[in-house]
Every structure is written in C-alpha cells, then in structure tokens.
Amino acid sequence: MRIGAIEAGGTKFVCGYGNEHGVIEERVSFPTRKPEETLADVIGYFKDKQIEAVGIGTFGPIDIDPASPTYGFVTTTPKPGWSGYNFLGEMKRAFPVPFGWDTDVNAAAYGEAVWGAAQGLDSCVYYTIGTGIGVGVYAEGRLVHGLVHPEGGHVLVRRHPDDTYEGFCPYHGDCLEGVAAGPALEKRWKVKGSELAPDHPAWSMEAYYIAQAVAASILMLSPKRIILGGGVMHQQQLFPMIRKEVASLLNGYVSHPLIREGIDHYIVPPGLGDNAGLSGALALGLAAYKQAAKGR
C-alpha cells in the first residue's frame, strides 16, 4: 500500500509517502509560496507515485465541516494568497483518490495516537510550539472538531510578572502564541531562542506560559497524555520546568497518580519526533482509505 502524506506549513510543505505500518518511505520539501506555485510542486511530486490515498495536515484556520460549501478551504490565514483558497479541491482534481483533511496539529495528535507517544490511549493533546502555537486534540478515539477546530494557541494567559513584552499576535497581542512562540522569544530577548543559554531566564518565563495552557487542557479535557512538540521544545530543559510549573498550578486538585508521581511520563515529547506531522498526515490518509473501502 502507498499512502501520500502532506504536512503543509507556513514556511514549507513536506510531502512523502508511506505504508499502512506508518513507515515513511520517501520525503521531500518545498518552500511555501503562493498556493498555485506551491501546489504545482506538490502535484508534480505525487503524479507518478501511484498513491492510493492522501492525508493532508495543514496550517489553518481551515474549513473541516464536510457539509460546508467551503469544506477543504483555507479560511482566515494572513499568509498571502491562501485565505479563501480551495486547497483540498485542487488536490482532488489532480488525484481521484480518498483524502484525509485536517489541521497540521490535529494530524500530529493523530499520528502520535496511532504510532507515537499516545499509542494505545484513546485521548491526548498535542501542542506544537514553534513559529506559531497550535493544539491538536484526540478524544474518545477520534479527533475533535466542533464549530471549527481547536485553536488553543490563542488562549489568554496570565502575564509573567517580569515580562514587559507586549506580544506579537496580530489578533490578540499577548495570547499564548503572542508571548510564547518562537518569534516572541526573539523579539523579547533580541536573539533567536536557539542562541539562548539553557539557564537563561527566558526558559523559566517560557515554561510559565506553556504550563498555564497545559494545566488548562488537563482541567478542561482530561487527556491521558500531553505531548509537546515543535522547534521551541527542542530545548529539552523546558520539560522538567513545565512539569514542575504544571504541578504547582494544579496544586493537588487533579489527584491522579500520573500527575502526583508520574508526570515525567505524562507530559512528554513526541514519540515520532519531528516526523509527527508527516506521520499524522499519513495516518489521516490511511483512515480515509479504510473509510472509502468500507463504502464500496
């Protein structure tokens, strides 16, 4: 079986294909440009691959309601040319195969549930913390959709008492993404996060903000695992700091052994590493293939 996978990001598109066991057999990447140019690369890559289905995990916001006339469209993104673009429709015109369609972070959450750090569990929450912050939610064995899809990167957080940075989110200013994504680190400290020392005060402030979001997810959704991925979380020193801050915020209220004694195994990095997004897209494509096969 050959399933296509697309991890569509604001900076680059990662495309590849793999099999029903979750093995990525090939991958390439293209810079994200205007949609017509970018999809020309994507379609050109897949045209001779004999794929049987495709999964797409994409930046958003997107329309994920199959009953909507704009299902498959990118909606209100600030990325030039993409707002109102029929991404899924263009791909379907090129390839008459089943398609899975969701956000990049929902795809990553799904990949982690099928093959990664949440394998065998029926719920998890996945945060990607990088150029932006996104949240994917997998609950009771399925991805969560509603009015739209989870946008947990834009929740409001309590400001750190030492933080004077106003936040960079064009919609909300100092929401979680506005104060804790990669650009906030760079704008606040005047250097890229990767250039900051592991003991720099930036990281305790970062943990302060991320922990608030994680604690809120625990209280609201009660997932069986929290997975923290993305470029910022390559800073491994953040994990013990976040776990400690989460425990302090919960203050014993959520009395479960995984919180009390096993938090190191509850708040974890992605089991699939940096492949979480592409593997998740592969899992979406595989699910679409199986669903289509049932209907035959």
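Gly-134 is buried in this predicted model, with a relative accessible area of 15%, so it falls below the 20% cut-off for that label. You'll find Gly-134 in strand S7, which covers residues 133–139.

- Setting aside residues within four places in sequence, Gly-134 is in contact with Val-105, Tyr-126, Tyr-127 and Thr-128.
- Gly-134 and His-154 sit 20 residues apart in sequence, and their C-alpha atoms are 8.3 Å apart in space.

**The loop between S4 and H2**
- This loop runs between strand S4 (53–58) and helix H2 (87–94), and Thr-77 has its place there.
- Thr-77 is buried, at a relative accessible area of 5%.
- Leave out the neighbours within four places in sequence, and Thr-77 is in contact with Phe-59, Gly-60, Pro-61, Trp-82 and Ser-83.

**Helix H2**
- Asn-86 caps the N-terminal end of H2, placing a side-chain oxygen 2.9 Å from the backbone nitrogen of Gly-89.
- Gly-89 is also one of the buried residues of H2, along with Phe-87, Leu-88 and Met-91.
- What do those buried residues pack against? For H2, the partners are strand S1 (3–8), strand S2 (12–18), H1, S4 and strand S5 (99–103).

**Two residues with positive phi**
- Gln-50 has a positive phi of about 55°, even though it is not a glycine. Look for Gln-50 in the loop between helix H1 (35–46) and S4.
- Is Gln-50 buried or exposed? With a relative accessible area of 70%, Gln-50 is exposed.
- Asn-251 is not a glycine either, and has a positive phi of about 55°. This residue lies in the loop between H7 and helix H8 (257–260).
- Asn-251 is exposed, with a relative accessible area of 66%.

**Gly-193, between H5 and H6**
- Gly-193 lies in the loop between H5 and H6, and is buried, with a relative accessible area of 13%.
- Not counting residues up to four places away in sequence, Gly-193 touches Leu-185, Trp-203 and Gln-235.
- Gly-193 and Gly-178 are 15 residues apart in sequence, with 15 Å between their C-alpha atoms.

**H5 against H6**
- Helix H5 (residues 182–189) packs on helix H6 (residues 201–221) at an angle of about 140°, and the two axes are 12 Å apart. That angle makes H5 oblique to H6.
- The crossing of H5 past H6 is right-handed.
- On the H5 side, the contact is made by Leu-185, Arg-188 and Trp-189. On the H6 side, Pro-201, Ala-202, Trp-203, Met-205, Glu-206 and Tyr-209 take part.
- Sorted by class, the residues of the H5–H6 contact are seven nonpolar, no polar and two charged.
- Leu-185 and Trp-203 belong to this contact, and Gly-193 touches both of them.

**H6 against H7**
- H6 packs with helix H7 (residues 238–250) at an angle of about 50°, and their axes are 8 Å apart. H6 and H7 are therefore oblique to each other.
- H6 passes H7 in a right-handed crossing.
- From H6, the contact draws on Trp-203, Ser-204, Glu-206, Ala-207, Tyr-208, Ile-210, Ala-211, Gln-212, Val-214, Ala-215, Ile-218 and Leu-219.
- From H7, the contact uses Leu-238, Met-241, Ile-242, Glu-245, Val-246, Leu-249 and Leu-250.
- By class, the contact of H6 with H7 has 15 nonpolar, two polar and two charged residues.
- Trp-203 and Glu-206 of H6 are part of the contact with H7, and they also take part in the contact with H5.

Technical notes
Residues are numbered from 1 along each chain as its sequence is written. This is a predicted model: local features need pLDDT of at least 70, side-chain atom pairs count only at pLDDT 80 or more; totals for chains, interfaces and linings use all residues. Side-chain values use heavy atoms; hydrogens and water are left out. Axes are lines fitted to C-alpha atoms, for helices over the stretch in contact, and angles run from 0 to 180 degrees between N-to-C directions. Helices (H or I, at least four residues) and strands (E, at least two) are DSSP runs, numbered from the N terminus. Angles under 35 degrees count as roughly parallel, over 145 as roughly antiparallel, 65 to 115 as roughly perpendicular and the rest as oblique. A crossing is left-handed if the near helix is turned anticlockwise from the far one by less than a right angle, and right-handed if clockwise. Contact means heavy atoms within 4.5 Å. Ala, Val, Leu, Ile, Met, Phe, Trp, Tyr, Cys and Pro count as nonpolar, Asp, Glu, Lys and Arg as charged, and the others, Gly among them, as polar. Buried means under 20% relative accessible area, exposed over 50%, partly exposed in between (1.4 Å probe, protein chains only). A polar contact is a pair of N or O atoms within 3.5 Å; within protein, one must be able to donate a hydrogen and the other to accept it, and residues adjacent in sequence count only if both atoms are side-chain atoms.
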